[in-house]
Every structure is written in C-alpha cells, then in structure tokens.
Amino acid sequence: MSKAHFGLVGLGVMGENLVLNAERNGFSSVVFNRTFSKTEEFLRGRGAGKRILGAKTIEEFVLMLERPRRILMMVKAGSATDAVIENISKYLEEGDLLIDGGNSQFQDTERRVKQLESQSFGYIGMGVSGGSKGALEGPSMMPGGTEASYKAIESLLTKMAAQVEDGPCVTYVGPGGSGHFVKTVHNGIEYGIEQILSEAYDLMKRIKGMSCNEMSEIFSAWNETEELSSYLVEITELCLRTKEKDTNLDVVETILDKAGQKGTGLWTVVSALELGVSIPTIYASLNARVMSSLKDQRLKIESTIPVEIDHIFDLGNKSDNMKPLFDAVSLATIASYAQGMDILMEASDVYGYSLHMPSIAQIWKGGCIIRSKLLRRIQEAYVKEPKLKNLIFDEWFNAQIASKIKNLAYIVSSATKAGVPVPCLSSTLDYFNSYRTGRLPQNLVQAMRDCFGSHTYERLDKEGSFHTEWLK
Ligand code: NBP
C-alpha cells in the first residue's frame, strides 16, 4: 500500500476538521490520537469512505507516512505538545517536518524550533484561526519557522487555507516563534472586538430597552458598512437572533455572564507591556473578563451601591443605524487593530521577526475570527508606509478618528453618567485623547520622581539630565 502524504496527531474538533480539509484537497492522510477509541470512532464516522487511515501506535503512524514526513500536531498547548514531540521524535528521520497548529506560547515554539532543527528535523509553529468551521472549510494560518521548512508544506497549506480575492490566507510569517506570536496578537484583537460589541449590546439593552431582535437588526445593518463589516459583527447578529427551541427565549439572555481568559489574551497584554506598546483597548477587554468572573461579589455590591439608570441618552435611531453608537464602536474597533498591529511592528524589530505587515493583514482577511473589511484598509496603509508607527498616522484612519471622536466622547460620558460600564469604549477614548495631546502631564510625574528619589529629568528647552533641590 502506498504511503500517505500527510499525518495528523490529535483528533479534537480542530484536528478532525483539518484532516478532512487536507483530504478534500488531495492529500491522503493518516491520523493518530492518544485515545485510540476516538480514532476508531472518527474512521467509522466522518472519516469513513475517505483516503484517511488510522494508526494505533505512534511508531505505526510514522511508518505509514511518505518521506519527508509532514505531520501536523493539533493537541492541547503546553505539556501535551511536549509529550507528543518527545514520543514522536524517536521515530522521525532527517528532513521530516513537524507542525504545531495549537495555540502554543511563542517562547515555547522558539525553544522547540531550536531543539528540533538541531536534530535535523523541520519545525513549524503555526497559528490557526477560524474555529472548527474554518478548520474544515479553510482557515487563516500563520506559520513561522525556517523558510525551507515552510517551502516543504507550502502547497499543502495554500490549498487548505481560506481564499480571498488576492490569494490564500496563509503566508510564511517569519522565523522562530513568529507564527504563534502573530496568532497570539490576533487573539488579543479578537478579545477587544468581542468586548466592544458586547458593550454596544449592553447600552442598547439597558439605555434604550431594545429587544434582542431589534438589536440583531442593528448589527445586521452595521455589517453592511465598510467600518464594521466583519465576521464578529455577523455572528453577534446571529447570537442575538437565536431562540431556545422549547421556550422561544433569547438564548443570549439565558447565558451566565462570566467569561474566562485563556492564554493568548493574557500573553498579548504581557508581551505588549514587555515591548512598551500601549494597548489600553485590548487590556480593557481582558480586564472586563476578569471582572465578569467576580459574579458573586458583583451580585452582593449591586444592592449596596445600586445603579439607577436615570440618565437616558440618545444612542441614535434605527433610521440612522444608531449613528453615535456606531461611531463609538467603529473607533474602538480601529483602536483594537491599531494596538495589535503596533505590537507586531515592535516585535518585528525587537525579536528579529521582520514581519511583512501587509501580508499579515492579507492572511487575516479570510478564514479567521477577526476577518473584516477594515483589514483591506489596514493592508493598504502598510503598503503605503511599511514603517507606519500607528494606524492613526494613515490618512484614511486619521480622518475616521477625527470625524467620529466626538460621538465616542458623547457615548462614553453619557454611559459613565448612567452608570453603565464601557471599559473598551472609554479606554479607546483615553487612548485617542492621549495620542492627540502634544503635552501630557508626565512632566509632573518626572518632577515627583526627582523630588523623592533624585531620579533627574530632561527639559524642554535644553539637552541633558537635570536635578532640582525641591522645596523642603
Ligand atoms: P483540545 O485542545 O481539546 O485538545 C484535544 C486533543 O489533544 C485530543 O486529541 C487529546 O487526545 C490531545 N491530548 C491531550 Br488533551 N493531552 C495529550 C497528551 N498528553 N498527549 C497526546 N495528546 C494529548 O482540542 P482542539 O480544540 O481541537 O484544539 C487543538 C489545539 O488547537 C489547541 O492547542 C487549541 O488551543 C488550538 N486551537 C483551537 C481552536 C478552537 O476553536 N477549538 C482554534 C484555534 C486553535 P485525547 O483524545 O486522547 O484526550
């Protein structure tokens, strides 16, 4: 029997769908899963009648693959990935290639690339986005490692990826852990946008008393606009429209208001702080999830300092697509992308990733969770100015911020007065207000530091480092 083109380890939701995707695109496959009963179940079910075989042991799996072997691991990130690498590398031969498609921490990938490449194996750390549906129909993929290793799997990945008007949603991202780093930041942007849309929902519900059906109509209209047309707005509309079969209740209203924050959101914030990049909108979304987890405490305090919504304000009307709120949501969405792209720009230099920003915007345009019309504008901005410091310096984005910031300020100040928390919207307003302030009050911070600790300060009017004997 001829050997298979492609091997997959890990039959979770992602692995199952990715191997079906590879097979559909002409790559005969072998699958291995730690728990063999899952392999049997898959081969009897969704894998039946396809050019997909199963292996009971990892040795058998490796021997069933043509050389050089191309093996995708889709297992839980962390120690599970290390365990698979340790088991499988005993049976690999020079030139074989391992691809980690899980949500691994980029530092782990840096370590694994070095370790595996030193054993003459190829190693690619690849971010995969698009959820289970994307994995089956065409995800966005962010592979990092050596260029030679990428070349060995380019034909496979370009066929499996989502396709947009200017090509497949996959490209060689860069060396080492860059693929997983880009995926991490992708998820940080995703956290931001999910929270922004949830704040809009909260305002429409609590200030205007709108029903889920009415809100879904607004999101549907927003999805037709250049600023907000995106996968996340599309699924917000679907979530708000979905009713429970037996009761006809809005499913959204039956869900507990607690959201976890897994590795990637946290890693985005930590990386940004380490790199000295300002990402208040994304950070606010992470913090909002942390606050959401304090359900018991929130319920207790709700009665001691009650919010009385007596400040009803104009969020706009259906006829104008709720213009003030639309503007606020648009700017916060721009801020999420701008902050994510800033992290990538800085990491590109500091970690030596040499990221090609237009290509990253390009591979996010289809297949992934943050796909949106705005990404075309982002791609154009970095084509025009490859060293762009922030999207705010691009003409189109600058004009968006200039024309919409008054409505953002109006929504944030009104929501604050009403007692409705809007962490991402308000952080965005502070972010843009700080950006448009030539002189911030950090002169006083510097004065205090010099006063208590003789830390010295720089001056506006002359070069050098200065210390003052402050009044006692
Ligand atoms: P899970 O993250 O739930 O992982 C399930 C797979 O990991 C199973 O095949 C399981 O085998 C295997 N596994 C575990 Br758990 N520990 C193992 C170990 N010590 N040795 C070998 N195999 C082990 O599945 P998933 O949701 O398909 O995600 C796979 C990866 O893709 C994860 O890193 C995830 O973060 C990432 N990802 C997920 C999504 C998504 O939307 N779900 C999107 C993008 C990326 P078993 O059957 O024997 O328990």
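# Reading a predicted chain

Student: Where is Asn 321 found, and what is its phi?

Tutor: Asn 321 is found in the loop between helix H13 (295-304) and helix H14 (323-350). Helices (H or I, at least four residues) and strands (E, at least two) are DSSP runs, numbered from the N terminus. The phi of Asn 321 is near 55°, a positive value in a residue other than glycine. Ser 454 also is not a glycine, and it has a positive phi of about 50°. Ser 454 has its place in the segment after H19 and is partly exposed, with a relative accessible area of 47%.

Student: How many helices and strands does the chain have?

Tutor: The secondary structure comes to 19 helices and nine strands. The radius of gyration, taken over C-alpha atoms, is judged against the globule rule, 2.2 Å times the number of residues to the power 0.38. Here it is 25 Å, close to the 23 Å that the rule gives for 472 residues, so the chain is as compact as a globular protein of that length. Its C-alpha atoms fill a box of roughly 80 × 70 × 45 Å along the principal axes, and 50% of the 472 residues count as buried.

Student: In which sense do S1 and S2 pair?

Tutor: Two strands pair if DSSP finds at least two bridges between them. S1 (residues 6-9) and S2 (residues 29-32) pair in the parallel sense over four bridges, and Phe 6 stands opposite Ser 29 in S2. From S1 the chain crosses through helix H1 (residues 13-24) to S2, a right-handed β-α-β crossover. Right-handed means that, with the strands pointing away from the viewer, the path from the first strand over the helix to the second runs clockwise.

Student: Which other strand is joined to S1, and which way do the residues of S1 point?

Tutor: Three bridges join S1 to S4 (residues 70-73), and the two run parallel; Leu 8 stands opposite Leu 72 in S4. Phe 6 and Leu 8 point one way from S1, Gly 7 and Val 9 the other way, and all are buried.

Student: Which residues does the cis peptide bond join?

Tutor: The bond joins Arg 67 and Pro 68, with omega about -10°. Pro 68 is found in the loop between helix H3 (58-63) and S4.

Student: Where is His 356, and is it buried or partly exposed?

Tutor: His 356 lies in the loop between H14 and helix H15 (357-363), and at 48% relative accessibility it counts as partly exposed. The C-alpha atoms of His 356 and Leu 344, twelve residues apart along the chain, are separated by 9.6 Å.

Conventions. Residues numbered from 1 in each chain as written. Predicted model: local features only at pLDDT ≥ 70, side-chain atom pairs only at ≥ 80, totals over all residues. Heavy atoms only, no water. Buried < 20%, exposed > 50% of the residue type's maximum accessible area, 1.4 Å probe, protein only.
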